[in-house]
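Student: Could we go through this structure together? I would like to know what to look at.

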Amino acid sequence: MIPSLKKPALLLAVSAALLGMAAPAFAAPKISAQSIIVNPVPTNLSARVWVDRDPSGSQNPTYRVGEHITLYTSVNENAYVYLFNVNPDGSTDQILPNRISSSNYVRAGQTRAFPASGDQFTFDVSGPYGLNRVLVIASRRPLSLSQLSSYQNGENFATVKPKTSQGLAQALSIVVDPVPSPVVQPVPQTDWISDTAYYTVGY
């Protein structure tokens, strides 16, 4: 028997065995209808995200309900990677970090797959039908997601609090550019970058 955690667009099956454009410095992160959040400040850091049916990351392949999907990401420098699936209804699944996979620290030139070969879980496509966006944020410094997501009732995957794309974008802009305090300092804008890939859940 394979227990599962149902997600709006991805069904996570967990095996029982495991149970940029130039802009002035300090410009506000851009909220984009397509990419969710974009760093307006040039940076040498780069990140890519793609799905198994489109290694280029620039197309929009179609998956049917029940099919497996694998997500990939890579960075050109050592970085902390945060991976999300934005569903057609605007709700979001946090893929990484989670309590099952290893650390979200990815080394330069390394490609990480989710799930990776040998992982005891799969990502299975479910509803709703329509366009999904896979969003990666890479940062040279760890980000605090406490205002964005939280783990509930011992779940292995965190629940994202914002329920719309606009809410997610606004929350992410606060994550990468928080209000300075004695304990929280903004991430330098040259230290983070985002990328987005697409796929469609079809009939």
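Tutor: Let us begin with a loop: Asn 153 lies between β14 and β15. Please keep in mind that this is a predicted model.

Student: Is Asn 153 buried or exposed?

Tutor: Asn 153 counts as exposed, because its relative accessibility is 81%. Its phi is near 55 degrees, a positive value in a residue other than glycine.

Student: Where is Ile 36, then?

Tutor: Ile 36 belongs to strand β4, which covers residues 36-38. With 1% relative accessibility, Ile 36 counts as buried.

Student: New topic. How many aromatic pairs does a search of the whole structure find?

Tutor: The search finds seven aromatic pairs. One of them joins Tyr 63 and Tyr 199, with ring centres 5.6 Å apart. The planes of Tyr 63 and Tyr 199 are at 85 degrees, so this pair is edge-to-face; the cut-off for that label is over 60 degrees.

Student: Which parts of the chain does that pair link?

Tutor: It links distant parts: Tyr 63 is in strand β6 (residues 62-64) and Tyr 199 is in strand β16 (residues 192-202), 136 residues apart. Tyr 63 and Tyr 199 are both buried.

Student: What about Phe 121 and Phe 157?

Tutor: Phe 121 and Phe 157 also form an edge-to-face aromatic pair, at 6.3 Å centre to centre and with 75 degrees between the planes. Phe 121 is in strand β12 (residues 121-125), while Phe 157 is in the loop between β14 and β15, so the pair ties together parts 36 residues apart in sequence. Phe 121 and Phe 157 are both buried. Together with Phe 123, they form one aromatic cluster.

Student: Which charged residue sits over the ring of Trp 50?

Tutor: That is Arg 48, whose charged end is 4.3 Å from the centre of the Trp 50 ring. Elsewhere, Arg 99 lies over the face of Tyr 151, at 4.0 Å from the ring centre.

Notes:
Residues are numbered from 1 along each chain as its sequence is written. This is a predicted model: local features need pLDDT of at least 70, side-chain atom pairs count only at pLDDT 80 or more; totals for chains, interfaces and linings use all residues. Side-chain values use heavy atoms; hydrogens and water are left out. Rings of Phe, Tyr and Trp (its six-membered ring) pair if their centres lie within 6.5 Å; planes under 30 degrees apart count as stacked, over 60 as edge-to-face and the rest as tilted. Helices (H or I, at least four residues) and strands (E, at least two) are DSSP runs, numbered from the N terminus. Buried means under 20% relative accessible area, exposed over 50%, partly exposed in between (1.4 Å probe, protein chains only). A charge sits over a ring if NZ of Lys or CZ of Arg is within 6 Å of the ring centre and within 35 degrees of the ring normal.
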